[in-house]
Amino acid sequence: MASTQIQTTIIPHSQKPLVDRTYPSEAELDLAIERSAAAQKQWSQVSLKDRIAIGYKFIEEFRKTSDEVPMELTQQMGRPVSQVPGEVRGFLDRAQYMLSIAESSLADVSLKDSDKPGFKRYIKRTPLGVVLVIAPWNYPYLVSINSVLPALIAGNTVLLKPSPQTPLTAERFALALARAGVPPDAIQVLHLSPELTTHAVKNDKVDFVSFTGSVTGGQAVEKAAVEARGFKGVALELGGKDPAYVRSDADLDYTVAELVDGPQFRSISLISFQFQFYIGALFNSGQSCCSIERIYVHETIFESFVSKFVELTKKYKLGDPTLPDTNLGPVVSLASAERIRKQVSDALKAGAKALIPEDLFPAAQPGSTYVAPQVLIDVNHTMDVMMEETFGPVVGIQKVSSDSEALALMNDSPYGLTASVWTNVESNAESEAAFEKFVDGLETGTVFLNRCDYLDAALAWTGVKNSGRGISLSKFGYDQLTRAKSIHMKIKTQ
């Protein structure tokens with residue numbers, strides 16, 4: 001008989017155990033999937049109107065316990081507790097928006113304007129069946145809401161597999177859904193080992209897999225799906241090495257503050273900041289697939305930009321994330337900390353220059369999960385720090401002489417999630433024209449002007465190259481979680 005496998009979540013800043021969860025056996029996992037498939041047949045018969053009403057009830061139920069989320073999430077993954085409410089707000093805002101467009105997005109597509117006499121044609125959006133959502137640890141609420149709620153509203157059932165680092169997030173999410181009226185077997189949380197995850201992906205009754213995580217993890221999910229019988233759909237939201245380009249006419253004070261860490265450095269109080277959600281280079285210790293990891297600055301303003309960027313970076317307080325005045329916490333694990341330090345060390349050996357003295361951040365000791373923020377110059381694309389995802393509080397800043405050089409460097413990446421351009425389009429028509437050239441030329445899923453890494457639920461969230469494939473959010477997010485069924489009726493037969 002196989003021994004019981006236990007999953008233990010380690011608190012990043014203390015390295016102490018937080019919670020344990022027991023993995024199911026393969027037989028137990030298969031039974032859970034069977035129950036999900038059976039529940040889907042019943043859940044899909046609930047009217048769309050009633051499913052949407054349950055979705056709004058879910059928002060109410062989650063809000064009732066949302067005050068418990070910040071410290072609970074901080075303990076699991078280490079983000080400063082002062083910054084977690086922004087994720088809760090974003091989570092609820094996305095839920096609200098996706099519910100508001102559900103009826104129109106899932107409505108039948110009528111073709112009556114082109115029907116011939118005696119015929120009626122239309123296209124239905126029908127659910128896929130059982131959807132397996134494999135969620136990440138770094139933004140477990142924000143990312144899970146992109147797929148879980150739309151999948152349920154579309155008539156699918158959901159198996160939610162959280163990261164071992166953030167198991168409580170999925171349980172809290174599922175509890176609010178159940179209290180809102182989603183049947184127990186229609187939303188199930190599965191704590192799974194990598195081997196069991198592969199087993200679930202290959203299960204014939206799993207119809208679609210939505211994965212968010214590393215490129216390596218995405219490749220493993222894709223491989224398992226290909227090896228399964230049939231041709232199940234897979235959506236992959238993977239890594240990023242997101243670039244920013246600062247043109248010569250950019251508002252430097254505004255741009256630097258945004259690229260460092262969003263609005264908290266623009267004289268906005270911490271209380272106000274808690275209810276916004278922007279991600280600069282150092283927010284969440286840089287642990288975001290869409291964090292700014294490389295910046296290209298026009299040579300005419302390079303020195304001034306770097307000076308301001310360094311000045312703001314030095315103002316961070318690295319320390320215990322459970323304290324309200326901490327704005328930079330640990331990274332998620334000791335292994336992650338060592339990998340980040342090595343990437344910086346390799347860049348320095350290759351000729352990069354570090355501008356932040358580590359002794360400004362005494363908590364950042366070797367062997368700990370605390371990593372000092374770092375700004376690197378004299379970098380180039382032979383260095384790993386400018387090409388491969390860092391997922392830490394580190395940014396490389398490179399001087400460029402033209403828009404064309406910046407565009408070429410921004411595209412010189414195996415990733416393509418988001419990119420941002422910073423320039424004065426309000427007062428300069430030439431700058432607006434230049435931005436439009438970047439819109440057309442950038443190989444990326446999202447292009448920002450004068451902001452970065454803000455996820456608007458009305459816009460499609462997608463990536464190219466090693467950043468993955470598939471779409472979440474917007475009306476296209478519903479398309480991904482349904483299939484088209486064409487109806488062709490010949491009404492008059494004589």
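**Charged pairs and the domain boundary**

Me: Asp 403 takes part in a salt bridge; is Asp 403 buried, partly exposed or exposed?
Reply: This is a predicted model, so the answer rests on computed accessibility. The relative accessibility of Asp 403 is 23%, and the buried class requires a value under 20% while the exposed class requires one over 50%. Asp 403 therefore counts as partly exposed.

Me: Which residue is the salt-bridge partner of Asp 403, and how many residues apart are the two?
Reply: The partner is Arg 247, with the closest N and O atoms 3.1 Å apart. Arg 247 is buried, at a relative accessible area of 8%. Arg 247 sits in the loop between strand 10 (242–246) and helix 10 (252–261), whereas Asp 403 belongs to helix 14 (residues 403–411), so that the pair links distant parts of the chain. The partner is Arg 247, and the separation is 156 residues.

Me: Which helix holds Arg 172, the salt-bridge partner of Glu 68?
Reply: Glu 68 and Arg 172 form a salt bridge whose closest N and O atoms are 3.1 Å apart. Because Glu 68 lies in the loop between helix 2 (48–65) and helix 3, the pair ties together parts that are 104 residues apart in sequence. Glu 68 is partly exposed at 46% relative accessibility, while Arg 172 is buried at 13%. The helix that holds Arg 172 is helix 7 (residues 167–180).

Me: What separates Lys 342 and Asp 346 along their helix?
Reply: These two residues form a salt bridge, with the closest N and O atoms 2.8 Å apart. Lys 342 is exposed, with a relative accessible area of 52%, and Asp 346 is partly exposed at 32% relative accessibility. Both belong to helix 13 (residues 334–349), and because they are four residues apart there, the separation is about one helical turn.

Me: How many salt bridges are found in the whole structure, and how many of them lie between domain 1 and domain 2?
Reply: One group of linked residues is the network of salt bridges formed by Lys 57, Glu 60, Glu 61 and Lys 64. The search of the whole structure gives 24 salt bridges, and the count between domain 1 and domain 2 is zero.

Me: What area is buried between domain 1 and domain 2?
Reply: The domain assignment gives domain 1 as 6–238 + 467–490 and domain 2 as 242–449, and their centres, taken over C-alpha atoms, are 31 Å apart. Contact involves 26 residues of domain 1 and 34 residues of domain 2, and nine residue pairs between the domains are in polar contact. Carbon and sulfur atoms give 61% of the buried area, which is about 2400 Å².

Me: What distance separates the C-alpha atoms of Gln 40 and Gly 129?
Reply: Gln 40 is found in helix 1 (residues 26–43) and counts as buried at 11% relative accessibility. Leaving aside neighbours within four places in sequence, Gln 40 is in contact with Pro 127, Gly 129, Gly 155, Asn 156 and Thr 157. Although Gln 40 and Gly 129 are 89 residues apart along the chain, their C-alpha atoms are separated by 6.3 Å.

Notes:
Residues are numbered from 1 along each chain as its sequence is written. This is a predicted model: local features need pLDDT of at least 70, side-chain atom pairs count only at pLDDT 80 or more; totals for chains, interfaces and linings use all residues. Side-chain values use heavy atoms; hydrogens and water are left out. Domain bounds come from an automatic or database domain assignment. Contact means heavy atoms within 4.5 Å. Buried area is the accessible area (1.4 Å probe) that two parts lose on being put together, summed over both. A salt bridge is a side-chain nitrogen of Lys or Arg within 4 Å of a carboxyl oxygen of Asp or Glu. A polar contact is a pair of N or O atoms within 3.5 Å; within protein, one must be able to donate a hydrogen and the other to accept it, and residues adjacent in sequence count only if both atoms are side-chain atoms. Buried means under 20% relative accessible area, exposed over 50%, partly exposed in between (1.4 Å probe, protein chains only).
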